[in-house]
Every structure is written in C-alpha cells, then in structure tokens.
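Visitor: I would like to learn how to read a protein structure. Could you walk me through this one?

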Amino acid sequence: MTVRTGRHFLQIPGPTNVPDQVLRAMSAPTIDHRGPEFAALTTRLLDVVKPVFGTTGPVVIYPSSGTGAWEAALVNTLSPGDRVLCFETGHFAGLWEEMATALGLVTEVVPGDWRHGADPEELARRLAADTGHTVKAVCVVHNETSTGVTSRIAEIRRAIDDAGHPALLLVDTISSLGSIDYRHDAWGVDVTVSCSQKGLMLPPGLGFNAVSAKALAAREEARLPRSFWDWGPILQANRRGFFPYTPATNLLYGLAEAVEMLHTEGLPEVYARHARHAEATRAAVRGWGLEVLCADEREYSGSLTAVLMPEGHDADKLREIVLERFDMSLGAGLGKLAGRVFRIGHLGHLNDLTLAGTLAGVQMGLGLAGVSADPAGLPAALEVLSTP
C-alpha cells in the first residue's frame, strides 16, 4: 500500500478542487425546502447567479449533470424532426449531437479537426443557403473540454444575424462559465448550458440553463416530450422561491458561497487570472518543445490546455507515471485523441503556486516517461507567473 502525504493535485479539467469555504457552506444542516428560509435562499441565489452568465433573464437550476442541462436546452425549444446544426469541435460536441439525434432531431454536423473552434464563416455560408429557414437551432460548445479550444461565440452570433436567420443559438459553457469571459445577453445566446463542477468550484450535481425571451417563446411551440426538464413549472415555482421537486439543498448552499467568492474577486479579475494561468501553461508546453493542441491563438482556452505527445509516446502512460510518483491527476485524451494528448486543467480555485507545482510535476513526469522535453519549460512558465 502506497502512503500518500500532502495534498492530491487534482489538475483535470473538472471536477475541480472545491474550496474549503464552499465545503463548509455545504456542511450546514439541511433545511425545509418548502419553508421561508429556503425561499429566501433561492430568491437571493437566482438573482446573484445571473451576472455569472452575463444575463438579466431567468436562470434555471436542475439537480443534474451538464448532460441533463443539454437535454433541457433541446426539449424545451425544439420539436421532433426539427433540423439542428452542430459543430464538431471535440468529444463533447459530438455527444451533444448524439443526444439530439436520439431525441428525434435531424442533426447536420459541421465537421472539424478538433484543433479549431466553430467556424463563423462556414456557419454564414450554411445559413445563407437555408433560404427556407429549416435550421431551427445552432449548437456550439463554447469551451471544448476535450481539446482546450474556445469558440468565438460573438462571431457565431454575428454570422446568424448577418444571414437574417431565425435559428436559436444554444451554447454549452460547461468548462468556461466562471472561468472565461461569457456574455449570454450581449452575445444573443438563447440557451446557455452549464454545470456546477468546473469554474463554479462545486461538486457535480447542478445543471443550469440561462434562457432568453426568444427561447421562452420557442417553448410554447416546442413538441419534444418533456416533464422533469420543463422550464415552465420550475420558473413558476421559482417566483415564490421554490422548486417543483426536491432540490439539491446543500449544493445550493455551496453555490451561494461560490458565487459570492466570484463576485468578491470580481468577474473581470477571475477571467484575467485564468488567462494568465493559461498563458503560463502554454509557455511551459512550448518550453518543453511540445505542441499545444489548439491551433488558433484566438481560440486558446483559459480553462485547460491539451498537450500533444510526441510520436511514439503514450499520453496515458505519462498520466499513470505522474499519478503514481507525484499524486497528481491529469486529464486523459478522449475519443480520437485517446493516448495522444494529456490535458492540464487550470480552472476554478487555483493560484500561482499550485500551477507552478502542477507544471513541475508534468516536467518531471515527462522525463520519467522518456520524453525528450527541454527543462526550460518550467522556468518559462515561472517567468509569466512572476511578471506583475
């Protein structure tokens, strides 16, 4: 039996480390979810969470994973046989498209190489050709967790508007919300999908939809079957501070504390911190002589960095060595990237020294895995971190 000392380094792109104050908040006694104290909590929470999404509109909270929030976005706005345009930007974009197909939607996939985000110009071409407006929704993953590529949502919105097309814009922010600048209202997003276990610094268990007025109107005509996911009963109950079912009470305590932490630091400062840590990580990768998977610097992720292993080396072997020797978890390559990349999560409750320790562990692991990595990587990252 291996005896571990010190703290485990959880450097996957989610679930992320849960801050002590959030854990303490979640440990409070459970209260009556039909009582006045809970109603006051819900009312306050539904208000303070809105700026994190960049919205003044409603935010629906589910006791679910992000996958549940995906389904809610689809079933509340669409009908069987509706045509949906999906961008193939990585593993999770593919799973969302598979769900849409399983629900009875007709999906059209815009192929991608997993190294670039959704292409606004390609979207413009496809929507211009759709003179009958048969495309009812465009589905885009803002930050693809499997690749570390961030799509340019404002440009996607502009392409839809320039085409004069009425399609809804549905956006997955599962690994970007609370970490990368995001603006539901300003970017004209109709449904924003997210969850609790990444930038919101909570355990898994909460799913979210931020909803536009246009999406609410679409719900009136949507005919996909829905019950648990239906926005209507939830929004109605939320007006009184309640839910139409038993909510995840103690996770909501934690969410209130996490949102308070984000507002105390300041959302612009949170985004700047993530961008700085991402820059330091990429500096290390280049210093090692390795390659960042994301091929367009406009689309670099502030949440995670996916690193391509040199030919002949197995990323999973590296991850195994790093876990065994240094008690650190790195993200695996998913789908067609399995064994080819490892992912360094740098989102959520993270500071400079934690990132420096993470990158030191990766550098030592590369050497132990027999990868010819230049030791200049770590000093390159430290230079970024030590710059005021």
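This is a predicted model: local features need pLDDT of at least 70, side-chain atom pairs count only at pLDDT 80 or more; totals for chains, interfaces and linings use all residues.

Visitor: In what order do the strands of the open sheet lie?

Guide: Strands (E, at least two residues) and helices (H or I, at least four) are DSSP runs numbered from the N terminus, and two strands pair if DSSP finds at least two bridges between them. Here 7 strands make an open sheet with mixed pairing, in the order E2-E10-E9-E8-E5-E3-E4. At its edges are E2 (59–62) and E4 (106–110), each pairing on one side only.

Visitor: How many bridges join E8 to E9?

Guide: There are 3, and these strands, residues 168–172 and 191–195, run parallel. Leucine 170 has valine 191 of E9 as its bridge partner.

Visitor: Which strands does helix H9 lie across?

Guide: For angles, axes are lines fitted to C-alpha atoms (for helices over the stretch in contact), and values run from 0 to 180 degrees between N-to-C directions. Contact means heavy atoms within 4.5 Å. Helix H9 (residues 231–238) lies across E2, E9 and E10 (207–211), at about 105 degrees to E2.

Visitor: Which residues touch the most other members of the largest nonpolar core?

Guide: In soluble globular proteins, nonpolar side chains tend to be buried together. Buried means under 20% relative accessible area, exposed over 50%, and partly exposed in between (1.4 Å probe, protein chains only). A nonpolar core is a set of buried Ala, Val, Leu, Ile, Met, Phe, Trp, Tyr and Cys residues joined through side-chain atoms within 4.5 Å. Among the 68 residues of the largest one, they are Leu74, Trp96, Leu206, Trp231, Leu252 and Leu255. Helix H10 (residues 249–265) supplies the largest share, 8 residues. Another core, apart from this one, has 29 residues, including Trp288 and Leu359.

Visitor: Is glutamine 363 buried or exposed?

Guide: Glutamine 363 is buried, because its relative accessible area is 19%. This residue lies in helix H13 (residues 352–368). Beyond neighbours within four places in sequence, its contacts include Trp288 and Asp374.

Visitor: How many disulfides are there?

Guide: A disulfide is a pair of cysteine sulfur atoms within 2.5 Å, and the count here is 0. For cysteine 86, the nearest cysteine sulfur, that of cysteine 139, is 4.5 Å away. Cysteine 86 is buried at 4% relative accessible area.

How values were computed: Residues are numbered from 1 along each chain as its sequence is written. Side-chain values use heavy atoms; hydrogens and water are left out.
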